Amino acid sequence: MSIVQDPLWYKNAIIYQVHVRTFFDSNGDGIGDFPGLAAKLDYLKELGINVIWLMPFFPSPLRDDGYDISDYNSVHPTYGTLDDFKQFLAGAHQRGIRVVIEMVLNHTSDQHPWFQESRKSQDSPRRDWYVWSETDTRYKGVRIIFVDTEMSNWAWDTISKQYYWHRFFSHQPDLNYDNPAVREEMWNVMKFWLDMGVDGFRLDAVPYLVEREGTSCENLPETHAVIQELRAKLDARYPGRMLLAEANQWPADLRPYFGDGDEFHMAFHFPLMPRMFMGLKLEDRKPITEILQQTPEIPSSCQWCLFLRNHDELTLEMVTDVERDYMYDAYAGTKTMRLNLGIRRRLAPLLDNDRRRIELMNGMLMSLPGTPIIYYGDEIGMGDNIYLGDRNGVRTPMQWSGGWNGGFSAADPESLYSPLILNPVYGYQSVNVLSQKRTEHSLLSWMQRIIQVRRSTPAFGSGSIEFLYPANHRVLAYVRQLSNETILVVNNLSNAAQAVELDLRRYKGNILIEMFGRNIFPRIGDLPYLLTMGPYQFYWFRLRRI
Amino acid sequence: MSQGISEQAQVEAPQTEVKLAEGSILTDDFIRQLINVGQIDILVGLPTHNNASTIGPVVSAIQVGLLRAFPRERAAIINVDGGSRDGTPDLVTGASIDDLRHASNLYALRTLHSISTQYSPAPSSGIALRTILAAAELLQARACVVISPESTNIEPDWIARLLHPIYNDNYDLVTPTYRRQKFEGLLVRNLIYPMTRALYSWRIREPYPSDFGFSGQLGSQFLAQNAWSHEVGQTGAEINLAITAMAGDFRLCQSFLGMKLHADRTATDLVPALRQTVGTLFWSLDNHFPAWSTRSGSQPIPTQGAESEVTLEPVRVNRQRLMEMFRSGIAELESVFKSILSPATLSELNRIATLEEAEFRYPAELWVKTIYEFAASYHKSVISRDHIVQALAPLYRGRIFTFLTENRNGTTEDIENNVELLCLEFERLKPYLLEVWNGRE
């Protein structure tokens, strides 16, 4: 299979997010690498995903899991070589899998040669590549993102005796996008990878590119101008490639990042994710329908990216104080589960390892408008280790089997980049790919099935959505439609059986075909359509007029 | 993705049609609405009948109270309407919590359900309460509160005051205490409170509340009683609920709600009021004989805030008319009283009826004996029970004349002391009740 030339391929994609370090170690040094990742491409193809999103794999001091890059045009030696990456990329493309990589635009590592040169003196030719100041009072009032570790957005540089601006860790100085040379150089970096064949970039921390006095230094028009410039260059030279925005913002603030279809192709829908968890715990669709009602229309060529969990904490920045308190109490009972304004847990532990809830959440992920992202290991229900620092508890080695190091590496267990999950519930002996492949009803098999159904249903990727609002608030129901294809989705958010009446009169005469078992349900008539649903059950129906 | 139509607008409760399945007090439509609400933690019952002029602020206060005090709990407002013709149910179900977000900066985590049902043929607090209890049981509500639609001065705080003791501290019944005008609530102060206190040994100041909270457990037990098949049980359902709680093994407390105001309305006729309260109280004595006959004295119950407050605002009462009605009652109902009262009591009543207004006193002891003899006669059905209750009306007026006279210039403390003395008299003479209860036919 080769890559299908569809310019809107990202709208019907299933993205698999993985860090090369975590997936498979081919050389026995305890760290995953590109040859290892390439060796597991058949597994990913079998799972059904068609896009891999790779987290940063560039040379880096690794003080922020690779988001502190010290060389944009190479591969971190522990993960392999540039040739290893090229072979992996070719292998993925051969299997019809696209590859999206990280592009950390906003900042570099303080170990990057650009910064080292910039800090040498105030007269350095690269001085203006970063944001320097005599005082730490500029851009006063701009929020601090890593509130648990940083006291200020300014850090004092003892070498050049000035403050430098950083929105994240102090070892991650922000690049100065007012400098045309910086913009040009970052485009050169992107070209380097595009020429190699990567299919897109996830642009990290985009709202923060440009700073202006008297503003929040977020989402500024000048930042949008930078994006538009990059997009124009991309479309001109590399049509069919994709830009994905990481902008943890409210939907209304996110909307401008799509522009008129001339900025990002895709953006993460950050506020939806915590509300899906909230809706599930509250057994009430209100949080979900409310945020989707507030979500503006986007250009037809654009797409939202939806996710349940990722490599970061379950961010609670885009919720109200009341909601955040509730989420902490509901999902992070102990302080060790919390980080910054979020919850550092994986999907299965968040849902008490309840298979019904895991399936329901994945069902919503796959059927709400957007492209779903699966975080590596969540397809088998991997657990986490809240006793590891920072977000490392959700970045433990992939669990392939019940054998040595969970099949991840032949190295001594003590030398792994991270301890494996060992506890009896989520440990690799219990939760692993090999054992789940042997079972038809395992979570992995179920995930394969739902991905298959999702991929065969274009309405999920590109169709419209209409909420039905049945009087039973525990039920979230919507219709996805694309040309002649009409899909009815009904989700029971409650842990108890529910009866729900749906007003489907406008679809009168259609019969319902349940999309997993393909069983026929009664024809729609004039009366409200009555469904009874088990706890956390969901239905996908294809409407057919026969 | 934006739909442009608010969810509130799309989930309006349909107009109910009063059509009951055989043996059911709930309409199919109401059951359908309850299915949609599902299991809840908190239920607010709102019985209404043509309350369009007052219901808006009441519903707003309930919504604010719920969002403030129970932001995470599953809650529902259940409106049980006795056939309003002024659109009251629409005002209840149409009140949007979205408005509160702007006005009160309150945010609802989850859906606050608001549903409505109607019953027929005529307004009945008993049917309304029974419907609320049935809904509470079906929805498995842990804590419930009933709010009067005429409580025009309701504060959002009331919700917490009436529900917190139940939801958080496992009480079963929370009755209100109010700041009353000195001559307001005369029936409660002269009869209902002292008698229930003496009978059941619990000092509940408002045993006939219009705003009160109760646990799901108490609600279910009360719902299961066969009292609903009797007219008297229906008529005074609220006081019967309080009596059930006092007689049973339930945890009781009171919460101070402040001033109690009502929307303007015509004065309730005394006889219907006596039927609802005294009639129910007398009627319940048979059922709860094992409980009240073995208790003596009384004890206070935990009270949140003041137990009672009295203001000294003057209230115009036609004392002369009271006296006239007392005297005419004594004269006209002598044969009836002969069936109900002991010769000694009747003789004393006849004596005081001849006194000049300035010297007239209906002393506490005589009043208590009168009431106890009426209760015993009711128990024995010496004549029609309804006639017994009606016959109490002129005597009650005589007693009220005395209460007004004794407290005309009294301070707050004086009035409270007099009520307390009367209570103690009811307690002291409780053996007399047992004597006449078990005595002559």
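Reply: Start with an open sheet of 3 strands in chain A, ordered 11-13-12 and paired antiparallel. (Strands here are DSSP runs of E with at least two residues, helices are runs of H or I with at least four, and both are numbered from the N terminus; two strands pair if DSSP finds at least two bridges between them.) Strand 11 (314-315) and strand 12 (338-339) of chain A are the edge strands, each pairing on one side only. Before going on: this is a predicted model, where local features need pLDDT of at least 70 and side-chain atom pairs count only at pLDDT 80 or more, while totals for chains, interfaces and linings use all residues. Residues are numbered from 1 along each chain as its sequence is written, and chains are lettered from A and ligands numbered from 1 in the order in which they are written.

Back to the sheet: strand 11 of chain A is joined to strand 13 (residues 342-343) of chain A by 2 bridges, running antiparallel. Leu314(A) has Ile343(A), in strand 13 of chain A, as its bridge partner. In general, strands of a sheet pair through backbone hydrogen bonds, either parallel or antiparallel.

Now over to chain B, with its 20 helices and 9 strands. Where they meet, domain 1 of chain B puts in 25 residues and domain 2 of chain B 23, a contact being C-beta atoms, placed from the backbone, within 7 Å. On the domain 1 side, helix 8 (186-200) and helix 12 (270-287) of chain B are the elements giving two or more residues. Helix 12 of chain B gives the most there, with 9 residues.

Last, the largest nonpolar core: of its 286 residues, Leu244(A), Ala267(A) and Leu43(B) touch the most other members. (A core is a set of buried Ala, Val, Leu, Ile, Met, Phe, Trp, Tyr and Cys residues joined through C-beta atoms within 7 Å; buried takes 20 or more other C-beta atoms within 10 Å of the residue's own.) Helix 17 (residues 364-380) of chain B gives the most to this core, with 10 residues. Leaving out residues up to four places away in sequence, Leu43(B) touches several residues, including Ala76(B), Ile78(B) and Cys144(B).

Technical notes
Two residues are in contact if their C-beta atoms, placed from the backbone, lie within 7 Å. A residue is buried if 20 or more other C-beta atoms lie within 10 Å of its own, exposed if 12 or fewer, and partly exposed in between; C-beta atoms are placed from the backbone.
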